[in-house]
Amino acid sequence: MTDHRHHTGGAPSNDAMRDAAYAEALADAQPDPGRQVIAVHLEARETGWEFIPGVVSTAWTFNGTVPGPTLEATVGDVLEIRLTNHLAEPTVVHWHGLRIPAAMDGTERVQRPVGPGETFTYRFRLPDAGTFWYHSHHNETVQLERGLYGALIVRSTNEPVFDADRTLVLDDVELDKDGQIKPPGWWIESHDGREGSTRLVNGRREPEIRMAAGQMERWRIVNAASARYVRVSVGGRPFAIIGTDGGLIPAPVTVTDVLLGPADRVEIVVGPFSEGEVLRLETLPFDRGSFKGHKTAELFATIQVGGAAPSQAQLPGELRKIDRLVMGSVTANRTVRLGFGLGLKHGVEFNINHEQHHQADPVRIGELQIWDVVNRTPVHHPFHLHGYFFQVLEVDGSPPAFLSWEDTVNVPAFGQVRIAWMPEGRPGGWMYHCHILEHHAAGMMAHFEVVR
Ligand SMILES: [Cu+2]
């Protein structure tokens with residue numbers, strides 16, 4: 001499944017340069033004073049897993065569970081992950097949303113895939129607080145779908161206080177009559193992406209979430225699905241958005257639903273609810289232009305509100321100061337065109353700037369990037385930039401509802417999103433791509449270098 005175009009063209013890196021950059025990144029990763037090195041051994045392996053209670057499916061897991069272990073750390077800690085691959089095919093692990101050296105990004109752009117039986121060490125300092133995730137970045141329509149993903153929570157030493165801090169990783173899988181994950185399909189699925197009919201929260205189908213009455217909880221929600229957009233609703237009740245991909249936003253924003261494209265994260269504060277209430281955590285109807293639309297709400301989990309418990313939660317009026325990268329009007333210095341054609345390999349051949357696996361121009365450290373991401377297709381695409389946060393300036397000509405740091409943004413069908421970001425350092429090979437895994441695999445991606 002490896003596309004060898006990943007390795008060619010444009011990039012100055014050869015194996016020796018790549019190995020040198022990796023050795024330098026390993027040595028540079030030191031914890032801040034008073035912080036620590038958190039060592040984790042991740043083992044990718046095939047495991048029987050009950051997505052549905054009583055039905056054993058063959059999953060691919062990190063350490064035997066779907067999702068893999070939730071990694072938790074504090075800003076300034078160093079994560080040292082030894083990845084051992086017990087699968088029969090190569091894998092790599094991408095640290096989604098982390099601003100770490102290119103050599104640690106976990107793509108085939110910057111490292112050799114980790115073959116069966118091999119071990120590879122990732123080591124990097126955690127620069128930002130937020131809700132991140134890690135996942136396979138190799139043969140993703142198979143490896144991610146089978147379970148090779150997990151959450152990564154980084155906290156600051158000064159977090160707002162709530163009654164609980166929960167991580168909910170949403171996913172879906174398509175199971176056959178024996179409960180086994182179906183292999184990737186062609187044509188419709190290559191166009192739409194896989195939307196499985198079994199909806200999962202933390203690896204289980206439609207579980208129950210138990211919550212105490214009178215409490216307010218912080219929910220960190222990760223959309224790990226291959227293609228599904230989740231329009232999150234919590235029983236139709238208002239909730240407060242407090243964070244997105246890149247951590248806290250300036251102030252809470254109260255809504256009754258929030259759209260999460262694939263790979264997107266949101267942090268919300270829910271409650272307080274009353275004893276005995278039963279609420280549906282569900283996705284509301286949303287038309288992303290796929291052949292298979294969603295005209296009804298679909299359940300992810302049921303929230304059961306139990307007896308009351310005391311609350312120490314306080315929703316602050318201000319959460320964080322974020323400086324705008326751009327004041328006033330600017331012109332774009334790059335246009336990223338998301339498009340497609342028809343071809344034999346994938347049916348629908350998704351591309352960027354008319355090229356599958358596009359080789360894009362480099363960007364220079366310190367030069368502000370203003371990019372127009374233009375969608376020339378009738379379907380929405382979640383655009384993901386590796387290694388750097390951006391600010392959304394406009395969606396279809398209008399500013400977003402609030403300022404935030406993002407690594408993934410939805411680009412509406414036939415729409416346009418303007419983003420701003422600063423390559424503040426960390427030279428090397430990076431990429432941007434659609435995070436619908438089938439679109440990414442079909443070529444809706446670009447490689448570029450950050451240069452000095
Ligand atoms: Cu796409």
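Colleague: Why is R334 called buried?

Modeller: The relative accessibility of R334 is 12%. Buried means under 20% relative accessible area, with over 50% being exposed and the range in between partly exposed (1.4 Å probe, protein chains only). R334 falls under the 20% limit, so it counts as buried. This is a predicted model, in which local features need pLDDT of at least 70 and side-chain atom pairs count only at pLDDT 80 or more, while totals for chains, interfaces and linings use all residues. Residues are numbered from 1 along each chain as its sequence is written, and side-chain values use heavy atoms, with hydrogens and water left out.

Colleague: What surrounds R334?

Modeller: R334 belongs to strand β21, residues 334–343; strands are DSSP runs of E with at least two residues, numbered from the N terminus. Not counting residues up to four places away in sequence, R334 touches A360, D361, P362, V363, I370, W371, D372, Y432 and F448. Contact here means heavy atoms within 4.5 Å. The C-alpha atoms of R334 and V373 are 8.4 Å apart, although 39 residues separate the two in sequence.

Colleague: How do you know which residues are donors of the copper ion?

Modeller: Donors are N, O and S atoms within 2.8 Å of the metal (3.2 Å for Na, K and Ca); water is not among the atoms, so sites may look incomplete. H381 (ND1), C434 (SG) and H439 (ND1) lie 2.0 to 2.1 Å from the copper ion, so they qualify. Their spacing in sequence is H-x52-C-x4-H. C434 is buried because its relative accessibility is 1%, and H439 is buried because its value is 0%.

Colleague: Where does H433 lie, and what does its side chain join?

Modeller: H433 lies in strand β30, residues 428–434. Its relative accessibility is 0%, so H433 counts as buried. A polar contact of 3.1 Å links the side chains of H433 and H386. Beyond four places in sequence, the contacts of H433 also include H137, F383 and M444.

Colleague: What makes β15 and β16 a pair?

Modeller: Two strands pair if DSSP finds at least two bridges between them. Five bridges join β15 (residues 239–244) to β16, so the two are paired; they run antiparallel. Among the bridge partners are A240 with T254 and I241 with V253. A hairpin of two residues joins β15 to β16. Both belong to an open, mixed sheet of seven strands, ordered β11-β10-β9-β13-β18-β15-β16. β11 (204–205) and β16 (247–255) are its edge strands, each pairing on one side only.

Colleague: How many residues has the largest nonpolar core?

Modeller: It has 36 residues, and L79, W95, Y122, F124 and L152 have the most contacts inside it. A nonpolar core is a set of buried Ala, Val, Leu, Ile, Met, Phe, Trp, Tyr and Cys residues joined through side-chain atoms within 4.5 Å. Strand β1 (residues 37–52) gives the largest share of this core, four residues.

Technical notes
A polar contact is a pair of N or O atoms within 3.5 Å; within protein, one must be able to donate a hydrogen and the other to accept it, and residues adjacent in sequence count only if both atoms are side-chain atoms.
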